[in-house]
Amino acid sequence: MHWGDTSDEGERNLLRAVDSWLLNKQLLGDTAIAGSASLALAVARYCDSIGTESADCFDFRVVRDTASVLDRLPVEALRTNDKVVQRLKSVGVDTVGLLVSLPRTALPARFGTELNWRLGQLLGEVDEPLGSAREQSAIEAEFQFDNALRDSDAIEAATSRLLQQIAKELLIRRRGALRVLILYALEGDVHRETSLVLRLFRPTASCGEMQELAGLHAESQRFFEAVTSIKVIVKSTAPLGTRQRLLFDEACQECTHELVSLVNRLACRVGHECVLRAEPRKSVDPTRTYTLSPATDTPAKRYELSDSKAIRLRQLPLYLASSAPHAHVEASSDGAPLKVDGTCVTRCWGPERIETGWWRGRGVRRDAYWVELENGPRLWLCRDLRSDRWRQAGEFI
């Protein structure tokens, strides 16, 4: 379809066509064109905040000067949670333009990682795939028994058949299950049911994996009333991962499968809240450079170790003391350690200033030194700049 001889004319004609289509469908909506889907959505949603100085309403709905639009867009346009919006406004940042002028590296420490992600989407730096407007039906399967069952083997066999149906549908949609809910309706005058949840370490469409987990749960599950029906519902999915096979990678594939199976089995035995995965996060405080989350709750992410991160990690000890003991340190006039608990320091590196934000209350403010003692040990010493006390924060093993 020919929209116009120039880009300006084509964009305006496109907006008119979309407005006309919405009107014919008796739908109310605002439209805009911008360099990213997130920015177009923000302009359409907050067009009243941007203003309509021009007589032609299409002038402000087609974003050509991104900077001027950002200066007038409220921070609510970032589609982040209300707490982050309130924090931004509390420090006087009420427009996206003001937020863009701040150092991006300092934002996660105070406002969380989602803010930079949303800001990247708005500026077109982060991809934002658009899903289909047609909502796919839920992936579920149900089996009604003619007569209520008490036999656990028959119930387990019926559950396996339902999981086979679920696995076929997952393969068709190229999705992998992360959380599967199995509901057992119990016999009685009042509707009652019992349930179990399968949590998976990685998205899978393998019927065998889901049957294995269901079997582990069945070992400890007892039905004191007869079961009248079973329903299986996939509550959470993720795209199935693909990778190029190598000529001699059978051993690697086997190790990966064993790891996934081990995590799934442990989560079934001891509870998903007891099997945790460490995820890196940005922080100047080494004790806050990671966070723990249930391994089966979110898909595993590949952690890329860049050269700069590798250099930084080599500078940190393998052991960090949870409650660092005090150390008696004799220091030179410039603050460098000379003796630690009476033992001479042969080599010393530092200091590195470690200081956290004031918004965390009594934050961290200290100098870190790497020292090697004459009897061999290498320690990580920290000097609190408030109390002028030394602690042995870690040791290189």
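Colleague: Which residues make the nonpolar surface patch of about 250 Å²?
Modeller: In this predicted model, the patch is made by Leu-262, Leu-266 and Val-270.

Colleague: Where is Val-270 placed?
Modeller: Val-270 lies in helix H11, which covers residues 250-270.

Colleague: And is Val-270 buried, partly exposed or exposed?
Modeller: Val-270 counts as partly exposed, because its relative accessibility is 46%, and partly exposed covers the range between under 20% for buried and over 50% for exposed.

Colleague: Changing topic to strands. How many bridges join S9 to S10?
Modeller: Two bridges join them, and the strands run antiparallel. S9 is residues 337-340 and S10 is residues 343-355.

Colleague: Which residue in S10 is the bridge partner of Val-340?
Modeller: That is Thr-343.

Colleague: What sits between the strands in that hairpin?
Modeller: The hairpin of S9 and S10 has two residues between its strands. Asp-341 takes a positive phi there, near 50 degrees.

Colleague: How many bridges join S10 to S11?
Modeller: Eight, and this pair also runs antiparallel. Strand S11 is residues 365-373.

Colleague: Which residue in S11 does Trp-349 stand opposite?
Modeller: Trp-349 stands opposite Trp-370.

Colleague: Now cysteines. How many disulfides does a search of the whole structure find?
Modeller: The search finds zero disulfides.

Technical notes:
Residues numbered from 1 in each chain as written. Predicted model: local features only at pLDDT ≥ 70, side-chain atom pairs only at ≥ 80, totals over all residues. Heavy atoms only, no water. Disulfide = S-S within 2.5 Å. Patch = residues over 30% accessible without salt bridge, like charges linked within 9 Å, V, L, I, M, F, W, Y side chains within 5 Å. Areas by Shrake-Rupley, 256 points an atom, 1.4 Å probe, with all protein chains shown as cover. Salt bridge = Lys/Arg side-chain N within 4 Å of Asp/Glu carboxyl O. Helix = DSSP H or I, 4+ residues; strand = E, 2+ residues; numbered from the N terminus. Buried < 20%, exposed > 50% of the residue type's maximum accessible area, 1.4 Å probe, protein only. Pairing = 2+ DSSP bridges.
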